[in-house]
There are 2 protein chains.
Amino acid sequence: MNQPYSSALLENAVNEFAKLPGIGRKTALRLVLHLLRQEELSVENFGNAIIKLRKEIKYCHVCHNISDSDTCSLCSDPNRDDSIICVVENIKEVMVIENTHQFKGRYHVLGGVISPMDGIGPSDLEIDSLVKRVSEGGIQEIILALSATMEGDTTNFYIFRKLAPHNIKISILARGVSVGDELEYTDEITLGRSIINRMPFNETFKP
Amino acid sequence: MNQPYSSALLENAVNEFAKLPGIGRKTALRLVLHLLRQEELSVENFGNAIIKLRKEIKYCHVCHNISDSDTCSLCSDPNRDDSIICVVENIKEVMVIENTHQFKGRYHVLGGVISPMDGIGPSDLEIDSLVKRVSEGGIQEIILALSATMEGDTTNFYIFRKLAPHNIKISILARGVSVGDELEYTDEITLGRSIINRMPFNETFKP
């Protein structure tokens, strides 16, 4: 749809918003008109927050998580366990796992998974730096917390092979029926695996 | 959901995005992470486009449409008909009507409709300036193109009363079955009105 904007400023702002993923031109226009109704100062804060973020953001030199300083707050926290590293795809997964409050070790952000279809090979990911962290010693367990997809499984296997010489425990997240799922609607592969990997009933009471 | 962001910059940007209508914290995070992957220059353009828009935008002093100059391009276009004014709620409706290519007159943007529930009375809208435009002469017809809601109808009636002394033609958009609608799913009020306002079949061929 051709939008005969009466203002080049408006058109420019709409174009910029419409570049965002999942934001079409209609939504972009709605958002821009919303901003027009806000105080000038609050719109300025919005624009500057984005510019400042992109300009000043750093990545932790240890785990590659997003950070305001050279070492992120999770890597510099003295109360976390140094002997266990949770390997995740992106910083989003760090947040998701932190929200569970079930993990008190360190993280390692790969920056994605191996995906030949998207042209992402092992060298595009932070795998070498993970191997380096492990070879420096002190680490007893690696938890591979990648997506349960083919790409995730491929990456799991690649990292497993790379870390094999180091004689540490390597685990992956449990696969099974999601909590709250009705069995009738659970897919066959998940259900099949959860039968194979069935666990003693009394172990389900573990904290 | 509590999000333990590892960066205050990130948290700030997410907070700003989450203020936009229809954008929750999850979507805000997705958009911010997208921006982080973009070139620094393009993110700067995005932020500045918004700030510049809010700072430099003007409203046309004739029709109150959004504009880069004091008089908008629609009001200053010499090829448009000065004798007919289409009254709309907001600048969005100007765009929608312009897209139909069926109207070549001028516009008048009210800035909303009368809505006592939202505390919007006639004095909050650009009704007085519309009456002034009409009283200055040269206008033969006013098209009321407001929403077909109770608030729209109330506003139509209020403007109709205000303009009654001026002896000009006042029309509203045709109400009826939408083009492409199946009759089975058309609501009763619309269907009822479209029977009352039925039109000669040969008139439907008009351009």
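**View 1. Domains of chain A in the predicted model.** Domain bounds are those of an automatic or database domain assignment. In chain A this assignment gives domain 1 (8–56) and domain 2 (77–173), and the centres of these two domains, taken over C-alpha atoms, are separated by 36 Å. The model is predicted, so that local features need pLDDT of at least 70 and side-chain atom pairs count only at pLDDT 80 or more, whereas totals for chains, interfaces and linings use all residues. Residues are numbered from 1 along each chain as its sequence is written, chains are lettered from A and ligands numbered from 1 in the order in which they are written, and side-chain values use heavy atoms, with hydrogens and water left out.

**View 2**

**View 3. The contact between chain B and chain A.** Counting contact as heavy atoms within 4.5 Å, chain B contributes 56 residues and chain A contributes 56 residues. The buried area, which is the accessible area (1.4 Å probe) that two parts lose on being put together, summed over both, is about 5200 Å² between these chains, with 70% given by carbon and sulfur atoms. In chain B, the residues that lose the most area to chain A are Leu9(B), Leu36(B) and Arg54(B), which together account for 13% of what that side buries.

View 4. A salt bridge is taken as a side-chain nitrogen of Lys or Arg within 4 Å of a carboxyl oxygen of Asp or Glu. Side chains of opposite charge can pair when their charged atoms come close. Between chain B and chain A the count is two salt bridges; Lys55(B) forms a salt bridge with Glu44(A), where the closest N and O atoms are 3.8 Å apart. Within chain A, Lys52(A) forms a salt bridge with Glu56(A), the closest N and O atoms being 4.0 Å apart. Both Lys52(A) and Glu56(A) belong to helix H3 (residues 40–56) of chain A and lie four residues apart, about one turn of the helix, helices being DSSP runs (H or I, at least four residues) numbered from the N terminus.

How values were computed
Helix = DSSP H or I, 4+ residues; strand = E, 2+ residues; numbered from the N terminus.
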